[in-house]
Amino acid sequence: MKIFRTLSEKPWIPHPAGSEFLAKNYQKEIFIGRTALRFFISVVSVIFFLFTITFLTRSQFPDFQALAGEPWQPLSDASHLWLNTGALLISSIALHWAHVSARKNQLNGAIASVMIGAFFALLFLLGQILVWKQLIELGYYVASNPANSYFYLYTSVHGLHLLGGLFALAYVTLQLMKKNSLVTFSSSVRLCAVYWHFLLILWLFLFALLTSSTDTINIIAQLCGF
Amino acid sequence: MTHIAIADQPEEELHEPSSFVTKYIWSQDHKVIAIQYSITAIFVGLVALVLSGLMRLQLGFPDSFSFIDPSAYLQFVTMHGMIMVIYLLTALFLGGFGNYLIPLMIGARDMVFPYLNMLSYWVYLLAVIVLMASFFVPGGPTGAGWTLYPPQAILEGTPGAGGGILLMLISLAIFIVAFTMGGLNYVTTVLQARTKGMTLMRMPLSVWGIFIATILGLLAFPALLVSAIMMLLDMTVGTSFFMPAIVSLGEQLDYSGGSPILFQHLFWFFGHPEVYIVALPAFGIVSDVLSVHARKNIFGYRMMVWAIVIIGGLSFIVWAHHMYVSGMNPYFGFFFATTTLIIAVPTALKVYNWVLTLWRGNIHLTTAMLFAIGFIFTFTHGGLTGLFLGNVVIDLPLSDTYFVVAHFHMVMGVSPIMVLFAAIYHWFPKITGKHLHTGLGKAHFWVTFLGTYAIYLPMHYLGFLGVPRRYYAMGSTEFVPDSAQDLNASITVSALIVGVAQLIFIYNVIRSLRKGEKAESNPWGAASLEWQTPDTPPKHGNWGPALPVVYRWAYDYSVPTAKQDFIPQNMSEEEVERVDDSETSSTEGGEDVKNIGDEPVGDNP
Amino acid sequence: MKIAIVLIILVVGSVIFHFVSPWYFTPIASNWGTIDDTINITFWVTGIVFVAVNLFLAYAVIRYQKKKNTKAHYEPENKKLELGLTVFTTVGVAIMLAPGLFVWAKFIEVPEDAHVVEAVGQQWQWTFRFPGKDGVLGKTEVAHITPANPFGINPKDPAGRDDILINSNEVHLPKDKPVKVVLRSKDVLHNFAVPQFRVKMDLVPGMVTYVWFTPIKEGSFEILCEELCGLAHHTMRGRVVVDSVEDYQAWLNRQPTFAQTLKVAEGNPEQGKALYAVCGACHGQNGEGNLAMNSPNLTSLPEWYLVRQLEYYKKGIRGAHKDDPLGQQMAAMAGTLANTKSIRDVAAYISTFSDSPADKTVEGDPSSGYSYYVTCGTCHGKEGEGNFGLSAPQLVGQHDWYIKRQLENFKQGIRGKHPDDQFGFQMVLMARVLQDEQAVDDLIAYLNSLNDK
């Protein structure tokens with residue numbers, strides 16, 4: 001393990017002449033962005049991890065009514081959510097394309113992909129709001145059951161993160177217009193794409209959790225020791 | 001000293017400030033942001049200090065101050081705790097010292113995201129303003145205790161259950177956003193912006209402490225955010241995350257099925273690492289201060305780094321020791337008592353290594369050094385009482401009593417504040433180019449050190465007696481002798497003296513800024529990089545035309561073969577003046593040794 | 001140099017303070033002496049480390065103070081020493097931890113022969129429940145809580161019918177019998193703590209927690225709530241009286257079962273009318289009160305409050321203080337009511353009166369009074385309407401001179417100091433907020449302004 005090797009260095013012993021400056025690339029933009037994004041993704045993961053811990057704990061109280069499982073429950077038919085998932089998937093792929101096109105120096109392709117990505121991300125958000133509306137019409141309000149509360153909580157926090165990503169994407173695109181540097185754009189949009197993939201995976205996880213039946217949730221909770 | 005040739009340097013955009021506003025207000029310079037953070041944090045800290053004085057007045061002299069009613073008392077307790085822990089200590093150590101020291105100590109021109117860094121400060125300021133606003137809403141600030149336990153935090157029957165708690169939760173959420181912006185900056189800067197030759201293990205322990213504390217913060221604050229969001233929802237839209245069925249003040253509420261203990265788990269999953277978010281930077285900084293002023297390398301540098309990392313890791317699996325009597329599954333007690341006492345081992349090793357750093361040193365008893373020694377004493381005391389509370393059965397009689405209050409003030413109040421002052425006296429010459437007045441500094445130290453001990457040592461004994469914390473008044477009870485009231489009065493007197501003595505410090509800072517003795521660029525003869533800047537105080541961009549190159553660790557003090565008693569980190573092997581072999585064993589260090597690291601005696605203040 | 005000497009003085013001083021301090025653990029009154037033993041072990045281990053580390057620190061400071069032409073020793077690390085210290089510390093930690101875990105294992109395992117008591121917490125009162133003959137506590141639910149069923153026992157659960165209810169903050173326990181105290185809260189977190197028993201545990205709404213101990217000393221011990229539970233947290237006290245087994249049994253036999261409390265007859269106003277004739281002499285035929293006779297307005301007081309106060313007078317809980325001549329008069333009069341039944345009857349009759357207006361004799365600044373009343377209003381209601389759930393009587397409609405006198409009595413401990421007057425005790429603590437007569441007058445002026453609404 002590299003980390004253990006690093007931590008067991010004896011810094012008071014001088015390095016062999018010349019060897020000490022070889023190992024590292026100093027202060028390269030791309031590493032900076034990547035490191036920051038990794039930490040940011042960890043922070044967001046912890047947030048959702050903790051939400052999920054509370055979800056599993058709360059699900060073991062008798063008043064918890066999962067939203068799916070029995071045919072009359074609203075998320076047993078998850079077709080709307082599947083459509084939204086599709087939109088997010090397309091958005092994620094489009095951003096990846098944007099990065100690839102930029103790297104190949106194809107300006108038009110890059111901009112078109114970003115636009116498609118942004119459009120489908122917005123579509124996803126709109127779709128989520130429609131699902132909310134549907135639930136409300138069916139009488140599944142935010143406070144009427146903890147499972148409902150979690151559905152609104154999870155989707156809104158996830159949506160807010162996507163919204164934040166859209167702002168970042170807009171900023172990156174504006175920078176491209178201003179400076180016209182496809183190289184910078186390529187590395188920035190790559191970070192956006194990674195973030196999008198993360199949000200997609202996160203959504204798939206939430207999707208699975210929220211549409212699980214009571215039995216499935218109980219099994220998961222038991223496996224986790226609640 | 002060698003620098004990287006300009007051609008080798010990565011291109012960097014430095015937003016050179018052009019006007020007063022961009023230089024001091026909307027500044028993206030990490031040093032200015034650090035000072036903004038520090039001033040704001042110290043300001044709210046003073047508010048919290050006044051609140052603690054008011055609490056002590058009520059406890060020491062009950063029935064004498066009509067404006068302190070039970071609501072006001074609980075509000076003072078709550079705001080004092082929350083401000084001190086989060087808005088003062090966290091902000092000052094990471095936002096203040098982290099911001100100032102990281103780029104200078106690792107040889108960077110600035111944080112990697114200067115704009116984000118600036119934003120972090122302004123968002124922090126917003127959080128502070130929202131928090132302060134809660135003093136002015138109807139019902140006043142929340143009086144739920146700094147732990148904000150539901151259900152009572154959001155129910156009638158607790159002071160500030162309306163606007164107060166709402167603003168508190170919002171302010172916390174804003175603070176977390178600010179901290180995350182800052183924190184991403186600090187870790188990325190440490191990992192990606194170190195100058196040539198600055199390997200991780202060559203970083204000063206201050207950077208290590210701040211770095212690991214920031215990682216803890218990034219991973220722990222989400223727990224507070226999650227609990228704040230869920231409590232906000234319970235409060236505003238009526239969800240039942242934490243709220244079970246309740247008859248509050250004779251009325252059935254609409255909640256059902258929630259779990260108050262779940263909140264406590266979340267809160268302490270944040271709350272315990274929070275202790276180390278404050279303690280680890282203090283550990284790091286005090287190590288550097290001790291080493292510089294003892295003219296000796298920090299003893300067991302590697303052990304110190306490992307201990308910081310191990311303590312950081314362990315701090316995530318000890319949280320439930322705050323909850324031994326919370327009604328959680330009692331079997332957790334075995335696990336958490338064990339992990340808690342295990343964490344004592346690396347912590348004890350750090351204490352040993354600090355003392356061993358002084359052992360066989362050449363100790364300069366400067367003001368900074370006095371505070372550092374004061375820290376070792378108070379931290380040892382506070383750490384050892386932690387072994388009482390961590391041991392699950394001893395927590396049964398002592399939990400929720402004044403023993404707990406005394407313990408955590410010793411370990412998390414007095415000790416870090418000793419380090420804060422040590423750090424300020426140590427780095428003030430670099431930050432401002434002026435020395436603080438030594439006589440005033442020492443007076444400040446003696447009152448603070450002896451005064452705080454006079455507050456907290458007796459307080460432990462109130463806890464043994466069983467006096468509960470968060471009581472507005474004890475009233476007449478059978479088991480508390482009347483003499484305990486005298487003890488309380490004496491604690492209050494000490495507390496007021498210590499509180500007022502902080503004015504000496506403020507006066508000293510203002511006075512020294514105006515007419516303090518001018519400091520040379522490296523008055524203590526320190527080896528670490530921040531003392532090697534071309535300008536004092538360092539200018540925007542820190543390093544002039546070329547970044548420094550690092551050839552050694554930050555602790556080359558009293559190296560036997562070197563002529564000077566310290567070798568700066570950026571001094572290459574060829575530049576070091578060596579003594580002849582025959583002289584190595586002699587005690588002579590050359591003419592230039594004797595004045596290094598002395599404090600100016602200074603005229604009368 | 002000074003710092004080293006001060007460190008030595010502090011170390012020696014702390015040790016001396018520890019041994020001479022009169023403030024230390026109360027004499028233990030339960031079986032948990034093992035906890036005290038663990039504390040002693042920890043004291044020795046940590047004490048030795050405290051003394052050793054700090055004396056060594058002081059010695060290092062003295063010995064290695066700055067000297068001219070001296071260099072510090074150069075030694076980056078010393079593996080052997082560090083390893084030795086690690087082992088030494090680990091052993092010390094193990095010595096403290098092992099007995100702790102051992103005792104904890106006993107603490108969470110309740111002995112099989114322990115009898116059960118339930119302590120119920122609410123803002124800011126304690127009540128207790130015993131399982132009755134069947135040895136089983138009836139099921140409870142928050143939804144069942146009503147004024148007639150304050151414990152929220154499910155009326156359909158047969159196990160609950162014979163539960164013995166202690167609607168007071170004082171509970172009796174037999175000496176030398178292990179007891180499992182089951183803890184339940186109706187509203188927020190509370191904590192059941194008795195310093196002399198050493199153990200404590202939170203009460204958590206929505207779940208049931210427990211704590212067990214064996215009282216080993218007869219006597220009366222204070223129960224404290226030690227988990228912040230809102231404004232009047234510091235007034236939430238109770239009492240455990242440890243009796244011999246016989247005395248305990250006798251006490252328990254006097255307490256009502258759940259079934260009995262449900263059957264308590266309502267007061268009969270018809271019969272109360274005759275009894276009231278005596279009262280009317282001072283309080284007026286319509287209960288309107290009379291300044292000249294110092295008698296309060298009865299029409300503004302709720303029936304349950306009248307019953308409680310009459311019982312207090314009768315039992316000498318109120319009106320027994322030597323500086324309370326008016327209370328003594330009332331106690332003598334209440335003594336003429338033969339029994340609980342007659343008290344209920346007369347209270348029922350009084351509550352048939354229609355409201356009579358209150359005197360206004362006190363001048364003050366109502367807006368300043370409001371800031372005081374915020375605290376009072378938590379229990380007595382924002383409009384001073386009172387709250388049965390918190391046992392707080394109505395304040396509006398009462399003569400202001402009467403309220404003023406009662407506040408003074410509470411402040412001086414003339415009223416509320418009797419150990420059985422649990423709510424009086426709370427008022428004694430709360431009335432202290434009003435530190436001078438002006439504050440009392442302002443508060444009353446605010447109450448008068450509520451009267452006008």
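1. Two strands count as paired if DSSP finds at least two bridges between them. On that basis, chain C holds an open sheet of five strands in the order E3-E2-E1-E5-E8. The pairing is mixed. Note that this is a predicted model.

2. The sheet ends in two edge strands of chain C, E3 (164–166) and E8 (209–213). Each of them pairs on one side only. Direction ignored, neighbouring strands of the sheet are turned by 25° against each other on average.

3. At the E3 end, the partner is strand E2 (residues 125–130) of chain C. Three bridges join E2 to E3(C), and the two run antiparallel. Within this pair, Phe128(C) has Ile166(C) as its bridge partner in E3(C).

4. An unreviewed UniProt entry annotates residues 112–254 of chain C as "domain: Cytochrome oxidase subunit II copper A binding". In the model, residues 112–254 of chain C are 39% strand and 9% helix. The end C-alpha atoms of that span are 27 Å apart.

5. UniProt, again in an unreviewed entry, gives "transmembrane region" at residues 5–25, 41–62 and 83–105 of chain C.

6. Next, the contact between chains B and C. Here 105 residues of chain B are in contact with 98 residues of chain C. On the chain B side, helix H11 (residues 367–390) gives the most, with nine residues. The chain B residues that touch chain C divide into 63 nonpolar, 30 polar and 12 charged.

7. The largest nonpolar core has 372 residues. Which of them touch the most other members? They are Val286(B), Val355(B), Ala372(B) and Ala422(B). Helix H3 (residues 70–106) of chain B gives the most to this core, with 25 residues.

8. Val286(B) deserves a look of its own. Leaving out residues up to four places away in sequence, Val286(B) touches Trp354(B), Ala372(B), Phe375(B), Val419(B) and Ala422(B). Two of these names, Ala372(B) and Ala422(B), also stand among the core residues that touch the most other members.

9. Another core lies apart from the largest one. It has 19 residues, among them Leu306(C), Leu310(C), Tyr312(C) and Ile317(C).

Methods. Residues numbered from 1 in each chain as written. Chains lettered and ligands numbered in written order. Predicted model: local features only at pLDDT ≥ 70, side-chain atom pairs only at ≥ 80, totals over all residues. UniProt positions renumbered as here; feature names shortened; annotations may be inferred. Contact = placed C-beta atoms within 7 Å. Helix = DSSP H or I, 4+ residues; strand = E, 2+ residues; numbered from the N terminus. Nonpolar A, V, L, I, M, F, W, Y, C, P; charged D, E, K, R; others polar. Core = buried A, V, L, I, M, F, W, Y, C linked by C-beta atoms within 7 Å. Buried ≥ 20, exposed ≤ 12 C-beta atoms within 10 Å, placed from the backbone. Axes fitted to C-alpha atoms, helices over the stretch in contact; angles between N-to-C directions.
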